[in-house]
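Work through the exercises below with the sequence and model at hand. Try each task before reading its solution.

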Amino acid sequence: MTATGQAVYCGYCGQGLDGSDHAACARRLGVVDPPRFCAACARRMVVQVTPAGWTATCSRHGALDSAR
(Lines give C-alpha, C1' and ligand atoms only; values in the text may rest on other atoms or scores of the structure.)
Protein backbone atom coordinates (compact mmCIF):
# COMPACT_ATOMS: atom_id res chain seq x y z
CA MET A 1 0.00 0.00 0.00
CA THR A 2 1.09 3.53 -0.55
CA ALA A 3 0.98 6.40 1.90
CA THR A 4 -2.64 6.90 0.81
CA GLY A 5 -3.46 3.30 1.76
CA GLN A 6 -3.82 2.07 -1.81
CA ALA A 7 -2.52 -1.41 -2.65
CA VAL A 8 0.34 -1.61 -5.15
CA TYR A 9 0.87 -5.39 -5.23
CA CYS A 10 -1.53 -8.30 -5.44
CA GLY A 11 -1.97 -10.00 -2.08
CA TYR A 12 -2.42 -13.40 -3.70
CA CYS A 13 0.39 -13.60 -6.30
CA GLY A 14 2.67 -10.72 -5.24
CA GLN A 15 2.82 -9.17 -8.72
CA GLY A 16 2.24 -5.47 -9.38
CA LEU A 17 -1.38 -4.40 -9.87
CA ASP A 18 -0.53 -2.21 -12.86
CA GLY A 19 -1.05 -3.78 -16.26
CA SER A 20 -1.97 -7.29 -15.14
CA ASP A 21 -5.32 -9.00 -14.74
CA HIS A 22 -5.83 -10.07 -11.14
CA ALA A 23 -9.52 -10.98 -11.32
CA ALA A 24 -8.77 -14.63 -10.50
CA CYS A 25 -6.59 -13.54 -7.57
CA ALA A 26 -9.35 -11.28 -6.24
CA ARG A 27 -11.85 -14.14 -6.42
CA ARG A 28 -9.52 -16.41 -4.43
CA LEU A 29 -8.90 -13.71 -1.81
CA GLY A 30 -12.59 -12.89 -1.61
CA VAL A 31 -13.71 -16.44 -0.95
CA VAL A 32 -11.45 -18.17 1.54
CA ASP A 33 -7.74 -17.72 0.85
CA PRO A 34 -5.68 -15.34 3.02
CA PRO A 35 -3.27 -12.92 1.34
CA ARG A 36 0.18 -14.46 0.82
CA PHE A 37 2.02 -11.25 -0.11
CA CYS A 38 1.96 -7.77 1.46
CA ALA A 39 -0.01 -5.35 -0.73
CA ALA A 40 2.38 -2.52 0.19
CA CYS A 41 5.79 -4.13 -0.39
CA ALA A 42 5.17 -7.60 -1.94
CA ARG A 43 7.04 -9.37 0.88
CA ARG A 44 5.82 -12.89 1.60
CA MET A 45 3.62 -12.80 4.68
CA VAL A 46 3.51 -15.28 7.57
CA VAL A 47 0.02 -16.78 7.34
CA GLN A 48 -1.79 -18.77 9.99
CA VAL A 49 -5.14 -20.38 9.24
CA THR A 50 -7.38 -21.47 12.09
CA PRO A 51 -10.93 -22.86 12.11
CA ALA A 52 -12.14 -19.36 13.04
CA GLY A 53 -10.28 -17.47 10.28
CA TRP A 54 -6.74 -16.39 9.40
CA THR A 55 -3.98 -13.92 10.21
CA ALA A 56 -1.31 -12.70 7.78
CA THR A 57 1.69 -10.76 9.08
CA CYS A 58 4.18 -8.65 7.11
CA SER A 59 7.49 -8.02 8.89
CA ARG A 60 7.33 -4.35 7.87
CA HIS A 61 3.66 -3.45 7.69
CA GLY A 62 2.04 -5.48 10.46
CA ALA A 63 -0.82 -7.92 10.58
CA LEU A 64 -4.14 -8.41 8.85
CA ASP A 65 -6.84 -10.82 9.93
CA SER A 66 -9.92 -12.30 8.36
CA ALA A 67 -12.15 -9.96 10.36
CA ARG A 68 -11.07 -7.00 8.13
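**Exercise 1.** Find the annotated domain and state its secondary structure content.

*Solution.* The UniProt record, an unreviewed entry, places "domain: Biotin synthase auxiliary protein C-terminal" at residues 45-67. UniProt positions follow the numbering used here, feature names are shortened, and annotations may be inferred rather than shown by experiment. Residues are numbered from 1 along each chain as its sequence is written. The model is predicted: local features need pLDDT of at least 70, side-chain atom pairs count only at pLDDT 80 or more, and totals for chains, interfaces and linings use all residues. Next, read off residues 45-67: 0% helix and 65% strand. Helices (H or I, at least four residues) and strands (E, at least two) are DSSP runs, numbered from the N terminus. The end C-alpha atoms of this stretch are 17 Å apart.

**Exercise 2.** Is D33 buried or exposed, and which residues does D33 touch?

*Solution.* Locate D33 in the loop between α1 (23-31) and β1. Its relative accessibility is 13%, so D33 counts as buried (under 20%; exposed is over 50%, partly exposed in between; 1.4 Å probe, protein chains only). Not counting residues up to four places away in sequence, D33 touches Y12 and R28 (heavy atoms within 4.5 Å).

How values were computed: Side-chain values use heavy atoms; hydrogens and water are left out.
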